[in-house]
Amino acid sequence: RRTAVTRGRQETEMADDDYKIGQSKVRSYRTCRQAYHFKYEQRIVRRRVRRPFMFGKLIHRMIEAQAQGEDPHQVLSDVVLDDLPMFEAEREMYGDIVADIGVIMTDYFEYHKDGLRFIPVKDETGEYRYAEHEFSIPLADIVDADDRERSQGISFQGQVDGLGKTANGLRWLVENKSFDKLPSDDERWRNVQSVVYIRAVKHLGWMKVVDGTCWNYVMSKSPTVPQLLKDGTRLSIREITTLPSVVRAALKVHGLSEESHEELMLRAEASRHNYFQRVFTPVSRVVADNVFNGFVETAVEMRDNRHRRDKNIGRHCTWCDYEPLCRTQLTGGDEEFVMRTEFVEDDPEGYRRSKRSNKLKVVK
């Protein structure tokens, strides 16, 4: 049986048993076959939620809400109320992440109130959304003619954060990213996700021309609250990483005025550039074609060798979620105990689908 899948103005057909891939799957498979097996074959994930992961998930929700014309801070409150126990546990491990996000995103929306304009796209119901655009298309529809036959039976799935237009008329694939350390230009110009998503966007007719990728960065570092001097007359002007809304809140708590803290406010306003950066990377046809061809090669290999479990041991093991399991296997420990205490069965792609809020209104 074949199922019709509609996205934008295109309608294609895919079999229910097509092998499904996405850029995250490809990245995981390339990094380590064993980690890929744990994540996508056994479908297990770590019990604890890492702060960067939760931070990124919530800012996506807020940016989506603001793009749809709704109150992003109300959305943040709703998300927390929906899963309060998880956020209480998060506070014990990483501090009050919700308060940090509320403050950071207040300054984010003020800082970016002008500039990039999001372009609406019809979703599968025929209504318009300004962010979090899901798609699912046969990989064979977007490959070169020479790769069409061997790409049959592979479904390419993903979710585009947004599509935007700048004042100069250029059109961009928008990728919302949180960071602790800003990625380098080298990581951007050859990024697999942007290359394959741009090709999907053009195929679906969401934008006829894509000039490149807008990397919409939000720093996840908690802003520092300025301290009150011992004499209680003013806040310290010691250099700190903070934001204007944090300074204003501290001034209000201590009953002090902005006028007498002009230098501190100027520093806080200047630091917004470090917190919120939009880097525009033009697309290179030669680079895009070469990166995409490599993506197709890996996709075909994954379909044909999906059950490989060889470990690719290296420096990346340090931050891999599955390091405890591999270490236990290598040292002959109790794998069942580690699996039971540190992991749970869950949808490894659930984080991507959960970004898009079904509670938000859509534009007719």
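**View 1. Three strands of the predicted model form an open sheet.** The strands follow the order β3-β9-β8, and their pairing is mixed. From one strand to the next, the twist averages 20°. Strands of a sheet pair through backbone hydrogen bonds, in either a parallel or an antiparallel manner.

**View 2. Strands β8 and β9 run antiparallel.** Strand β9 comprises residues 154-160 and is joined to β8 by six bridges. Within this pair, F135 stands opposite G158 in β9.

**View 3. Helix α8 lies across β8 and β9.** This helix spans residues 192-204. Its direction makes an angle of about 95° with β9.

**View 4. Helix α12 lies across β3 and β9.** Residues 285-304 make up helix α12, which runs at about 140° to β3.

**View 5. The whole chain provides the setting for the close-up views.** The secondary structure comes to 15 helices and 14 strands. The chain has 364 residues, of which 46% count as buried. Among contacts between residues at least 6 apart in sequence, 73% join residues at least 24 apart. The accessible surface of the chain comes to about 18900 Å², and carbon and sulfur atoms account for 48% of this area.

Methods. Residues are numbered from 1 along each chain as its sequence is written. This is a predicted model: local features need pLDDT of at least 70, side-chain atom pairs count only at pLDDT 80 or more; totals for chains, interfaces and linings use all residues. Side-chain values use heavy atoms; hydrogens and water are left out. Helices (H or I, at least four residues) and strands (E, at least two) are DSSP runs, numbered from the N terminus. Buried means under 20% relative accessible area, exposed over 50%, partly exposed in between (1.4 Å probe, protein chains only). Contact means heavy atoms within 4.5 Å. Accessible areas come from the Shrake-Rupley method with a 1.4 Å probe; for residues, only the protein chains shown count as cover. Two strands pair if DSSP finds at least two bridges between them. Axes are lines fitted to C-alpha atoms, for helices over the stretch in contact, and angles run from 0 to 180 degrees between N-to-C directions.
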